[in-house]
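Welcome! Please open the structure in your viewer and get ready to select a few residues along the way.

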Amino acid sequence: MKLSHLAETLIGSEIIKLAGEIKEKQAKGEKIYNFTIGDFDPKVFPIPAEFEEEIITAYKEGFTNYPPADGIPELRKSVGEFIAEHENLNYDPAKEIVISCGGRPIIYATFRTIVDRGEKVVYATPSWNNNHYTHFLEAEHVVLETKPENDFMPTAAELKPLLKGATLLALCSPQNPTGTAFGKQQLEEICDLVIAENKSRGADEKPLYIMFDQMYWVLTFGQTQHYTPVSLRPELRDYTIFIDGMSKAFAATGVRVGWALGPAHVIAKMKSILSHVGAWSPMAEQHAAARYLRRKDEVNAYLKKFKGEVEERLQKIYEGFDSLKKAGHPVEAIAPQAAIYLTLKIDLAGKKTADGTVLEDQAAVTSYILNEAKLGLVPFYAFGAAKNSPWYRLSVGTCVKEEIPAMIAQLKAALEKLQ
């Protein structure tokens, strides 16, 4: 039976498909190192104890009714203070901040508020879900496939020929799936392109907006620093919508507290859209988040420990892959920069297995790594990259660090079986 054009043409998630295969293997008792999901195992990465206490208290206090469509004032105020202290960005809680149940609804609301059918949305691949949100709106996909030599981040030179007539530029830093981030000059050059493009448009033309997804901004490692369009070029404040929240910064993906920051005229319309969708963060969690974000000492202590645990896992796995590369295996990794992800290259297409089967493409490579090394990774083609891309995302959100040596050894054994 026929359904809507949108439903009939929506692409299924490769990640969910892969997750289904892994669950089947685990149900049969197989030990799988499942590094596919951009989520946290609460046994490995629990939410802050103080945040948990505040959630329980809020439920006991009876905060179980509908929240305001744009979020409770206390939370919007706490978010504004948190962002001002840590990022030196100042947004009016009453007019320029909206709360939602995580990042997805506010990304959807951003697209819905800004983009009309047939208008151009510019985004890079690999990236998370921009292709699906663009499809939702029947907008025009303007896609840039990024390069490993640029850490899979878009550059101004690559974006310049794509921005003419575009309505939305979707950027993410630190980026999902790559775990890489914009350098200061790299982002400044992109900002200058957007400023120049908007100056070239007439007063009656829709400007080019930036959606800046910074959900992982607290998780930066080593020399990596987080930069934003508004901090680098304040005149972009009227054209930038930030996507942010508690999900990744506090290992609280299931708590569902997200927010957007942006110009009042955009946020007002996003509030209206979200009010009709009903994508509200639960009332108790909002009160808990409002209280927890004001507990500065506890917040800073949690972030320090949390960042250290994530970085340790990423670094150990990076070192393991580097040792495999030095041993002559066709693998490599980009050194950890940010988020919970490591970018890996496993270039096995054309290799033969022990029984003579040729690994004809990356889908076959992905299956081989899962079946022989018991290692679940997400290929970059699941994020819009080319089907023949040998690059993968590894997520450490469920990683038990004591198991890393065994995982590397098992991968090494699987690689050594190939001809």
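This tour goes from the core to a helix and then to a sheet. Keep in mind that the model is predicted.

**Stop 1: the core.** Start by selecting Leu169, Phe250 and Ile317. Within the largest nonpolar core, which has 132 residues, these three touch the most other members. Now colour helix α12, residues 296–326: this helix gives the most to the core, with nine residues. In general, nonpolar side chains tend to be buried together in soluble globular proteins.

**Stop 2: around Ile317.** Zoom in on Ile317 and show what surrounds it. Leaving out residues up to four places away in sequence, Ile317 touches Phe35, Leu342, Leu394, Val396, Cys399, Ile404, Met407 and Ile408.

Stop 3: Next, select helix α11, residues 283–293. How many of its eleven residues are buried? The count is ten, so to speak a helix that is mostly covered.

**Stop 4: an open sheet.** Finally, bring up the four strands in the order β9-β10-β13-β12; they form an open sheet with antiparallel pairing. Which strands sit at the edges? They are β9 (331–333) and β12 (378–379), each pairing on one side only. Select β9 together with β10 (residues 341–346): three bridges join these antiparallel strands. To finish, click on Glu332 and look across to Lys345 in β10, which stands opposite.

Definitions and conventions:
Residues are numbered from 1 along each chain as its sequence is written. This is a predicted model: local features need pLDDT of at least 70, side-chain atom pairs count only at pLDDT 80 or more; totals for chains, interfaces and linings use all residues. Side-chain values use heavy atoms; hydrogens and water are left out. A nonpolar core is a set of buried Ala, Val, Leu, Ile, Met, Phe, Trp, Tyr and Cys residues joined through side-chain atoms within 4.5 Å. Buried means under 20% relative accessible area, exposed over 50%, partly exposed in between (1.4 Å probe, protein chains only). Helices (H or I, at least four residues) and strands (E, at least two) are DSSP runs, numbered from the N terminus. Contact means heavy atoms within 4.5 Å. Two strands pair if DSSP finds at least two bridges between them.
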